[in-house]
Amino acid sequence: MTSYALFLGCTIPARQPQYELSARKALTKLGIELIDLENMTCCAPPPLQSIDLETSLAVAAYNICLAEEADLNMITLCTGCFESLAMANRLLKEKPELKERVNKILANAGKEFKGNKEVRHYLQVLMNDVGINSIKQNIIKPLNNLKVAAFSGCHLLRPSALLRFDDPERPRIFDTLIEALGAKSIWYKNKLRCCGGLLRGYADDVALAIARDKIVNAHNASADCISTLCPFCFLTLDLGQVLIKTTYKEEYNMPIIHYAELLSLSLGVEPKELALDFHKVKIDKVMEKIG
Amino acid sequence: MAEEKPEKPSTVDFAREITSKLGGETITYCYQCGTCASSCPVAKTTDRYNPRQILRLALLGQRGEVLTEDAIWLCASCYNCQERCPQKVEIADVIYALRNIAISEGNIPAIYTEFATGLMSEGRIVPISKFLEKKRADYGLPPLKPTGIEALKKILSATGFDKIMFKKGESQ
């Protein structure tokens, strides 16, 4: 069994128990042990990077220190947390002067960033530690060719120079993992384009227009659902459809489902264990199709 | 008799200021090809934002315009521009550097104060409600471990983050 320090972040535990439940159940079933550490904080995502990049790097590094002290690599569910932490980890490993600068700050909290651990997104863990074949062997309920519009979110892929997750223009990992469940990962227009989520709260009209594009493009490609990895993309597209209905007078009923939920369902986890009532856009259509 | 002219700030001063900031180092490589603007989901949606224009204005030394107008806050941090820039300008990071300067001068959009307040009081930018705590327990999720708020406060005070955000003695 491979063990990881679970970095849960803020949005998932506060808003999306369906994500946390499905991720914990699926990963555990596949032989990954998730260890909850004390004293973690926010990962210091873009809103905090916007306030002060130096502070954000220090906060991200502080959290990595906790995994270093526990002698564990770190696993993230949220794509935003993955970006903040993996970016800081790479930058500090590659730039000794930056590491020194951040360690001076961390000394105030009694920490030192050493740079001897990895930050991984759970898709990397599925791909590399579990493996596609092992996932396929564990599928109890294949997803019946469900047409899935994969939407990884920006921060799984970019900036690729630091994250090194997949080809930023032609990624395959997420699609491969969707197809391993017996679903079809379909093409749709502007698949890799942003959901606009980070503009919520500052320019809601612009954010909603960008989110609407994503929904319309998946709808026009006859997707049964959009599958997400990032809780912020989820919120933007799921709650977003309620706002699209009031603002644009349009109704798409496009289910937004985290990949971890699809994975759990195909591994045979009972739907009633997954807090599926936390979806604003009901996912009954999808449940019927996968039977 | 000639009146002394007020010294005109040099166009390079602002560029130097930006390149000395974390994230801003690469701005001067820009040759204005516009790949950023044509890769930008926000620029496709609204004419309030154009990354090529922000870089041009900044390199022309239009400090006031860049830092006080709304454009720099409209970057969605999707990094598409940065990925495609043929000059390897780290555009999304340059925008962070510009936001960092604007915020250090007190130009802080309300939403950022909200995030910072959450971080400084609970160590999380999204607080956890009693409702969710109960739901978590009902579904058998483990109770959340305490955050490292004390260590975090020390870090925020070492970088001056707490002072940047709450300058005028507003206690948090």
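Analyst: Helices (H or I, at least four residues) and strands (E, at least two) are DSSP runs, numbered from the N terminus. This is a predicted model, in which local features need pLDDT of at least 70, side-chain atom pairs count only at pLDDT 80 or more, and totals for chains, interfaces and linings use all residues. Residues are numbered from 1 along each chain as its sequence is written, chains are lettered from A and ligands numbered from 1 in the order in which they are written, and side-chain values use heavy atoms, with hydrogens and water left out.

User: Glu83(A) is buried yet has no salt bridge; which side chain of opposite charge is nearest?

Analyst: Glu83(A) is part of helix α5 (residues 79-94) of chain A. Leaving aside neighbours within four places in sequence, the contacts of Glu83(A) include His155(A), Pro159(A) and, from chain B, Tyr79(B). A salt bridge requires a side-chain nitrogen of Lys or Arg within 4 Å of a carboxyl oxygen of Asp or Glu. The nearest side chain of opposite charge is 8.6 Å away and belongs to Arg158(A).

User: What radius of gyration does chain A have?

Analyst: Chain A has 15 helices and eight strands, and its C-alpha trace spans about 55 × 45 × 35 Å along the principal axes. The radius of gyration is taken over C-alpha atoms, and the globule rule is 2.2 Å times the number of residues to the power 0.38. Of the 291 residues, 64% are buried. A compact globule with 291 residues would have a value near 19 Å, and chain A agrees with this at 19 Å.

User: Why is chain B more spread out than a compact globule?

Analyst: Chain B contains 11 helices and zero strands. The globule rule gives 16 Å for its 172 residues, and chain B is more spread out than a compact globule because its radius of gyration is well over that value, at 20 Å.

User: What share of the 172 residues of chain B counts as buried?

Analyst: The C-alpha trace of chain B spans about 75 × 45 × 25 Å along its principal axes. Among its contacts with a separation of 6 or more, 67% come from residues 24 or more positions apart. The share of its residues that count as buried is 47%.

User: How far apart do the centres of the positive and negative side chains of chain B lie?

Analyst: Lys and Arg count as positive and Asp and Glu as negative, while His and the chain ends are not counted. Each charge is placed at NZ of Lys, CZ of Arg, CG of Asp or CD of Glu. Chain B has 23 positive and 21 negative side chains, and the centres of the two sets are separated by 6 Å.

Note on methods: Buried means under 20% relative accessible area, exposed over 50%, partly exposed in between (1.4 Å probe, protein chains only). Contact means heavy atoms within 4.5 Å.
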